[in-house]
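This report describes a protein chain and two of the ligands placed with it.

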Amino acid sequence: MVKTNFTLQQLNGRLKSLKNSLVTRTGIAASVVVVLVAASVCYFSVNGTFDVPDPQEMVGVSWIKPVGSEAAFAGSKTCADCHARESRSYFASPHSRTLHRIAAGEERPEFAAKQTVTDDLNGVRYSLRKGEGKNQVVAASGGGANTEVGEARWVFGSGTRARTYLTQNDSGFLQLRVTYYPPAKMWNFTPGSGPGAPYHEALGDPYSPAQAAACFGCHTTVLTGTRKSLDLTHSLLNVGCESCHGAARNHVDSATGDGAGQLVTPRLHNGPQIMQLCSSCHRMPVATDDAKPMGASESQLARFPGVALVRSRCFIASAGKLSCITCHNPHQSTEQQKPSSFESKCLSCHSTAHQTTCSEGKKSGCINCHMPQESVAGRLPLRFHNHWIRKDPFEMT
Ligand code: HEC
Ligand code: HEC
Ligand code: HEC
Ligand code: HEC
Ligand code: HEC
Ligand code: HEC
Ligand code: HEC
């Protein structure tokens with residue numbers, strides 16, 4: 001059993017000192033506690049029935065900045081002139097298109113699906129409706145006697161794995177109970193909202209603006225407004241260059257000769273800093289001797305790369321050298337990176353005589369055996385690679 005270790009303590013120490021330097025956004029600067037809470041509420045959240053304070057609301061509020069804050073940000077498109085290479089990869093990666101506002105008149109093809117999704121337990125049947133600029137989910141209950149219609153306004157998810165939709169009206173938002181899974185070309189329940197999950201409204205989970213701010217926070221570069229009313233017009237949608245590099249208006253002005261500023265976020269030099277940055281959205285690592293980190297079962301661990309990775313011998317025995325960007329190019333999608341490029345990272349630490357090499361004598365195929373894909377939401381088609389690198393990942397420890 002893995003115990004709390006040097007690098008994790010170092011990481012936790014870093015979190016404190018980084019709190020002040022990573023002033024890009026309240027979310028990153030938010031207390032570790034809040035970020036930890038983020039982990040448990042994201043997508044698997046059980047919303048609306050919490051005792052105060054509502055954890056999703058706490059996370060949401062931590063992301064909201066006053067209108068006007070966006071002025072310090074230049075926007076990802078501004079960077080392309082001078083940083084063509086990073087920009088080309090970035091704009092082809094899911095970070096750049098993880099959130100989309102459905103425009104007036106826009107019709108989305110997935111809403112033309114003739115498919116239905118049924119919750120037998122509560123007697124609700126979901127179907128889709130498209131046309132005349134509408135993209136709707138229809139929830140029929142009572143044998144079809146009652147129908148409610150939800151109009152999709154916001155699309156979360158680039159489509160690599162899943163797309164979840166939010167409605168929006170004057171009082172707030174609602175996360176629709178069915179999600180589209182592009183790889184499987186099918187609609188099914190939104191993770192955490194399947195039959196048997198705590199039941200809210202037939203159409204889905206209503207969110208106050210502060211609760212919806214949790215979703216928007218992790219999927220935007222700057223989220224402006226107040227806890228009572230989000231200002232999504234001034235917000236910068238999607239995970240932008242400045243989500244990781246900090247507000248860069250001054251940097252752009254100084255580079256073009258109009259000002260004297262630098263990047264707000266200093267260059268990140270070590271593993272723990274990078275782990276902190278990526279994990280501010282991809283979920284913060286927690287103590288490795290916690291058998292069920294943040295209540296996530298073994299099967300959900302695969303969704304939280306940071307939480308899983310810090311359990312690996314690779315991480316523990318590398319004394320802070322191993323981080324997300326050892327293997328990932330932060331400007332690229334996993335698709336843009338060839339499997340062999342990931343393997344070459346494994347081999348950089350596991351090929352020579354004085355390193356530990358595969359006891360099965362394998363020279364390739366590392367990922368399939370040591371970081372296999374796993375389902376993270378029961379029978380829903382949502383699969384992630386488990387970042388807890390082990391000799392036998394399927395052996396439950
Ligand atoms: C007008 C040209 C220009 C624009 C526009 C520009 N940069 Fe830069 N950037 C530079 C130059 C020149 C350097 C290298 C010199 C330096 O480090 O200051 C640089 C360096 C950087 C670095 C590396 C910093 C380091 O410490 O090594 C990052 C990260 C960066 N820019 C991000 C951005 C982002 C994000 C944007 C868009 C919001 C952007 N830049 C827009 C010219 C530009
Ligand atoms: C501001 C929040 C945020 C930060 C910071 C962030 N990510 Fe992400 N990341 C996301 C979201 C949201 C997605 C989902 C994109 C989608 O809709 O497919 C994602 C997706 C990804 C993916 C999946 C891409 C694919 O090909 O499927 C990788 C890999 C990734 N991020 C790596 C990183 C790394 C490495 C860092 C740190 C250098 C990082 N992320 C920092 C929010 C963030
Ligand atoms: C703590 C930050 C965080 C919060 C809060 C959050 N997300 Fe995400 N979301 C991510 C990251 C990181 C990813 C990419 C990896 C993954 O899917 O877990 C992602 C991925 C997604 C995806 C795409 C799944 C895929 O991988 O293709 C959808 C859809 C999504 N989120 C919807 C939501 C909705 C709706 C909410 C609000 C209930 C929400 N998210 C709240 C960080 C967050
Ligand atoms: C998911 C987080 C993330 C996003 C989004 C992101 N970067 Fe980076 N970028 C990093 C990290 C991490 C590094 C390497 C460590 C560092 O310098 O902080 C880096 C390095 C760089 C460098 C220095 C490269 C070098 O060779 O020295 C530049 C320039 C840069 N990024 C520009 C951009 C631009 C422009 C965008 C948007 C088009 C962007 N980045 C988007 C995380 C990100
Ligand atoms: C930065 C270096 C580094 C990278 C990159 C790395 N590892 Fe490791 N890994 C280590 C170290 C160090 C150990 C501990 C070796 C020891 O105890 O002798 C280790 C241990 C392991 C173990 C044994 C785990 C156990 O529980 O005993 C496996 C399996 C493994 N690595 C596979 C991989 C795979 C597969 C990759 C690529 C996805 C990878 N490693 C990437 C450094 C690394
Ligand atoms: C030892 C190498 C390694 C490290 C370190 C690593 N990853 Fe990964 N990651 C991978 C591989 C391999 C894949 C699967 C790529 C593919 O689909 O071909 C992956 C996939 C992902 C995905 C896509 C979803 C999935 O699971 O298939 C996300 C998101 C992600 N990593 C985030 C992170 C974050 C955040 C960190 C740091 C906390 C991190 N990774 C550290 C190797 C690594
Ligand atoms: C066909 C599946 C398979 C493939 C492919 C594979 N491994 Fe392994 N590997 C194993 C198994 C099984 C063990 C553990 C044997 C045991 O229990 O001692 C292992 C053990 C290891 C160990 C621990 C060795 C030790 O002495 O503790 C490392 C490190 C490792 N593998 C790295 C890799 C790397 C790097 C790659 C890719 C170049 C790779 N493996 C490819 C199945 C595989």
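Helix H14 provides four residues to the shell around ligand 5, the largest share. Helices (H or I, at least four residues) and strands (E, at least two) are DSSP runs, numbered from the N terminus. The structure is a predicted model, in which local features need pLDDT of at least 70, side-chain atom pairs count only at pLDDT 80 or more, and totals for chains, interfaces and linings use all residues. Residues are numbered from 1 along each chain as its sequence is written, while chains are lettered from A and ligands numbered from 1 in the order in which they are written.

There are 20 residues around ligand 5, and Cys314, Ala317, Cys346, Cys349 and His370 come nearest; a residue is near a molecule if its C-beta atom, placed from the backbone, lies within 6 Å of it. Two or more residues each come from H12 (313–316), H14 (339–349) and H15 (366–370). By class, the shell holds nine nonpolar, six polar and five charged residues. Here Ala, Val, Leu, Ile, Met, Phe, Trp, Tyr, Cys and Pro count as nonpolar, Asp, Glu, Lys and Arg as charged, and the others, Gly among them, as polar.

## An open sheet

The chain has 15 helices and 16 strands. Five strands form an open sheet in the order E2-E7-E8-E9-E12, with antiparallel pairing; two strands pair if DSSP finds at least two bridges between them. Strands E2 (99–101) and E12 (204–207) each have a single partner strand and stand at the edges, so one side of each has no neighbour in the sheet.

Strand E9 (residues 173–176) and E12 run antiparallel and are joined by four bridges. Gln175 stands opposite Asp205 in E12.

## The interior

Of the 397 residues in the chain, 41% are buried (20 or more other C-beta atoms within 10 Å of the residue's own, with C-beta atoms placed from the backbone).

Conventions:
Buried ≥ 20, exposed ≤ 12 C-beta atoms within 10 Å, placed from the backbone.
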